[in-house]
Amino acid sequence: MNDPYSVLGVSPNASDEEVKKAYRELARKYHPDNYQNNPLADLAEEKMKEINEAYDAITKQRTGGGGYQQSSSGGYSRGSYQQSYSSGSSNATYARVRNLINAGDLGTAERLLYEVPQKDAEWYFLSGSIAYRKGWMDEAMQNYTRAYQMDPGNMEYRQALAIMQRGNMGGYRPAGYSSGMDAMDCCSTMLCLNCLCNGCN
Amino acid sequence: MFGYVRPVRGEMKCKDFDLYRATYCGLCRCLRRRYGLLAPMFLNFDFTFLALLLWEPEERFTPCRGRCHANPLLKKPMCPDSPALELAADESMVLTWWKLRDAVRDEGLWGGLPARALSALLRPAYRKAARRCPDFDRAVRGCLEELSALERENCPSLDRTADTFARLLQSAAPARGPEGRVLEQFLYHLGRWIYLADARDDLEEDRARGRYNPVLARFGPGGDDGALALTMDHSLAQMGAALQLGEFGCRMPVLENVVYLGLPLVQRAVFDGSWAQIKKQKIWRSDR
């Protein structure tokens, strides 16, 4: 295993507080919420595992290295990187489609879904999930909206639509890049992008 | 179609700005060395960004000094030639060529004359570039053919048309392991975003000239800035998520600046119309 300190990006002399802060920042970055139904979710999950192990190793070391292991992860390790597609399907085809989406086999999932004669709310939801995973965000939005309209009581559809409506505001941003530029008026936008133009002389 | 991908200079640290400028100048020199005196003319922010993305993660920033192409009396710090820079130069040539061919096709017999003349001059350089990255050349050609077929049939799906350009840019990533997957996902959404930004930018012109525009085909003659901005925001979010999973070493702050500040700002400018003025300005300025 890599050196736990380099995994967290802190020096071995860092205080407990600094280690914790670095860990929390990384955990925020690779949090499952940021990679829901993302084709790279498995990579994020690996990273998360790595930093959890590193943090556990450091706390273990610092508390004397005995058999005692602090439950350090602070709830971050919980949560799934995939949407829990396996539950809630009454229809056998839909259950198979959900499994295929989880496995990342979008082509087969799409084919299977198109063979379903009756398009109900779940059909639109799954169709939206496939589109989202492919990066076809406009179609994902349309399908999720349709699913929600057909069955407004369903939490799964409502949540998916809420994520779509959130746009770029949800995910992780490194410190210093929080959308401070939003306050800028039209003239300063001009000025700001003008700066770049003589950036390379 | 190009020039949307730029950093916000005011929010950069000096060392990151130096890195950006040295990459720009290094790519310029690399283009000149590989493809002759005409090639640096087509250098732009987007290609610089591509070079930054393709850089080997473990490689450090060690600029050398070289003579400036625009002003040979000056010596400037620039990144030395490297496989990543050469790949970026080759792919830039291929992209430039196909963009020119696109202009020739779009503008008709007389309007397309300048592009036709340029592409005649550039043909040997393109041939060389296509030999060096045949897979990329094939992918670009294939995607553009698909795109023009969709345009001809007036495709109403925003995602389907954007997908062709997204896959085009995606193929610029050299496929290797998890790092390659991260780059592919990133470039897919960058391509999608560029295509949509460009479509929004051309909206008025296409409406006036009765040409195909994916935004018009999807949302009708009125357009729908809210929905378009939302779907572009999602691509930005996906780019950010992919970026954080990659190993980009010392180039990470520049890439983060572009993704979290530059692109959203350009997007805003495209929507409020100020982009039309901004894009006209030349990259090179002779003062100073």
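Start with chain A and colour it by secondary structure: read along the sequence, the pattern is α-α-α-α-α-α-α-α-α. That makes nine helices and zero strands in chain A. The model is predicted.

The chain has 201 residues, 45% of which count as buried. For contacts in chain A between residues at least 6 apart in sequence, 55% join residues at least 24 apart.

Next, select residues 121-134 and 155-166 of chain A, which are helix 6 and helix 8. Two packed helices are described by the angle between their axes and the distance between the axes. Here the axes come within 11 Å and cross at roughly 35 degrees. The crossing of helix 6 of chain A past helix 8 of chain A is left-handed.

Show side chains at this contact. From helix 6 of chain A, pick A:Ala121, A:Glu122, A:Phe125 and A:Tyr132; they meet A:Glu156, A:Tyr157, A:Ala160 and A:Met164 of helix 8 of chain A. These contact residues comprise six nonpolar, no polar and two charged.

Now go to A:Asn37, in the loop between helix 2 (16-29) and helix 3 (41-62) of chain A. Its phi is near 55 degrees, a positive value in a residue other than glycine. A:Asn37 counts as buried because its relative accessibility is 1%, under the 20% cut-off.

Finish in chain B with B:Asn154, in the loop between helix 5 (134-152) and helix 6 (158-170). Phi of B:Asn154 is near 55 degrees, again positive in a residue other than glycine. At 48% relative accessibility, B:Asn154 counts as partly exposed.

Technical notes:
Residues are numbered from 1 along each chain as its sequence is written. Chains are lettered from A and ligands numbered from 1 in the order in which they are written. This is a predicted model: local features need pLDDT of at least 70, side-chain atom pairs count only at pLDDT 80 or more; totals for chains, interfaces and linings use all residues. Side-chain values use heavy atoms; hydrogens and water are left out. Axes are lines fitted to C-alpha atoms, for helices over the stretch in contact, and angles run from 0 to 180 degrees between N-to-C directions. Helices (H or I, at least four residues) and strands (E, at least two) are DSSP runs, numbered from the N terminus. A crossing is left-handed if the near helix is turned anticlockwise from the far one by less than a right angle, and right-handed if clockwise. Contact means heavy atoms within 4.5 Å. Ala, Val, Leu, Ile, Met, Phe, Trp, Tyr, Cys and Pro count as nonpolar, Asp, Glu, Lys and Arg as charged, and the others, Gly among them, as polar. Buried means under 20% relative accessible area, exposed over 50%, partly exposed in between (1.4 Å probe, protein chains only).
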